[in-house]
Amino acid sequence: MSFFRKSHTQYLELSYSQIYKVFHWFLKLTLLRIFDDDFLVSPITTVLFQFFVSEIVISLGTIAMHAVRYRTDLDTVILSVSAFVSALEVLLKLNGMVYRRKEIMQMIGTVLADRSYLRGPIERAICGKYMRLARKLLFITIASYLGTATMLLIYPTLPGVIQERTLPVGYSIPFVDYYKAPWYMLNYVLQIVQLNWVAFLFIGLDGPFYLFVCYSASQLEMLIVATKIDTEGVCYPHKPFQWGTNDLTHKPHVVRFLSKCSYIYREIYLMQVLCSSVHICVSLFHIQLKLKNGSYGMLLTNVNKMWLFCYCGELVVSKSTAFSTAVYTNQWYRLWNRRDLQDILFMLQNAQRNYGFSVGGFGFLSFALFTVVMKTAYRCNAFLHRVMN
């Protein structure tokens, strides 16, 4: 029995580390190991980062030139708009994550160093549940991004399309006619490399967010358990809010962690919401305009991405609400110890706060936000059809 318990504990210790290694491996493939200590310190990593940022900026100009040159082709213009928004999203998200990389690295260290499951069987079960959830979210993200890249790349090979010299993405090498050989094949190979690079980069950048979500949700659920008071006036399993603080003048550990996470991601996910809304609108408009096109993968990916982000945000918001309810409905009046009553008062003060992942300070990631995004995208799509008609 002790051997099984030890093996189970070792498995839990490695779980978050294994998830971290997966998305860190994807960042290695992109040559942007932004969570390593030597990033932007050694000359090689600095040059690589500046090279990729410059390439994205050049791609934005190339996409604009492509759209202007082939402006008479509505199909090409739509693909160019989608490509421009994608490149802008990559640029803003990459720079935002690099700008906050020190804070993100500290939070990753906090998650990897967590040993909450050693407190007891209930804590072990809670941690195990959310570690499994983090692995599932990462797997879905990998399948989604790589599936989109594959769908975009195989679209020109469909019967009747490859002969039309259609490119997967709406841009091409400037000052040449990509319809002529060998420029079409060169553009196609270039887009294969860039699409896979972008897919790997997004997987690596989204990975830490899933770690933070699952870690925060597990900590909140354990706090809910800690608020339970039995009929004899005893808190289980320890005194409330003893985890992460030794002084009642300090915030609980999970509260500080969520506040820091919300501060780091507020601008990043505001940009993510805006870009995804444009993507959904443009892709839906393209599909309704022309059934045979390559926008299906982009539409499904952006809907799936927004749903995953909003699901993760809703998970934290719902756990925060459950924590607030648990504090207010527990049998605090059965406590006789003055220090326990002070802890309960401190919990009541913190339970009144709204916890979640802020979107630019305008709200939190939640299912309500997902509904707003979908409605906004559909209204913009309807407006585009009205203008076209």
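**Cavity.** I searched the whole structure, a predicted model, and found one cavity of 30 Å³ or more. For the record, the grid is 1 Å over the protein atoms alone; a cavity is a set of points where a 1.4 Å probe fits but cannot get out, a pocket is an open set with protein on both sides within 12 Å along at least five of seven lines, and lining residues have an atom within 4 Å of a point. Grid points are joined across faces, edges and corners, and a volume is the space filled by probe spheres set on the points. The largest cavity holds about 40 Å³ of space. I noted its lining as Thr141, Ser144, Tyr145, Asp206, Tyr210, Asn304, Lys305 and Leu308. By class that gives three nonpolar, three polar and two charged residues. Here Ala, Val, Leu, Ile, Met, Phe, Trp, Tyr, Cys and Pro count as nonpolar, Asp, Glu, Lys and Arg as charged, and the others, Gly among them, as polar. α5, α6 and α8 each put at least two residues into this lining.

**Ground rules.** I number residues from 1 along each chain as its sequence is written, and side-chain values use heavy atoms, with hydrogens and water left out. As the model is predicted, local features need pLDDT of at least 70 and side-chain atom pairs count only at pLDDT 80 or more, while totals for chains, interfaces and linings use all residues.

Next I looked up the largest pocket, which has about 700 Å³ of space. Its lining takes 39 residues, and Ser86, Val90, Gln194, Leu195 and Val198 lie nearest the centre. Two or more lining residues come from each of α2 (43-69), α3 (74-99), α5 (121-154), α6 (183-226), α7 (253-289) and α8 (295-329). I sorted the pocket lining into 22 nonpolar, 14 polar and three charged residues.

**Whole chain.** I counted ten helices and zero strands. Helices (H or I, at least four residues) and strands (E, at least two) are DSSP runs, numbered from the N terminus. Of the 389 residues in the chain, 51% are buried; buried means under 20% relative accessible area, exposed over 50%, partly exposed in between, with a 1.4 Å probe and protein chains only.

**Helix pair.** How do α3 and α7 pack, and at what angle? I get about 165°, with the axes 10 Å apart. That makes α3 roughly antiparallel to α7. Axes are lines fitted to C-alpha atoms, for helices over the stretch in contact, and angles run from 0 to 180 degrees between N-to-C directions. Under 35 degrees counts as roughly parallel, over 145 as roughly antiparallel, 65 to 115 as roughly perpendicular and the rest as oblique. The contact of α3 with α7 has 15 nonpolar, six polar and three charged residues.

**Loops.** I then checked the loop between α1 (2-29) and α2, where Leu31 sits. Leu31 has a positive phi of about 65° although it is not a glycine, and its relative accessibility of 48% makes Leu31 partly exposed. Leu40 is found in the loop between α1 and α2. Its phi is positive too, about 60°, and Leu40 is not a glycine; at 35% relative accessibility, Leu40 counts as partly exposed.

My last stop was Lys292, in the loop between α7 and α8. With a relative accessible area of 49%, Lys292 is partly exposed. The C-alpha atoms of Lys292 and Tyr155 are 9.1 Å apart, though 137 residues separate them along the chain.
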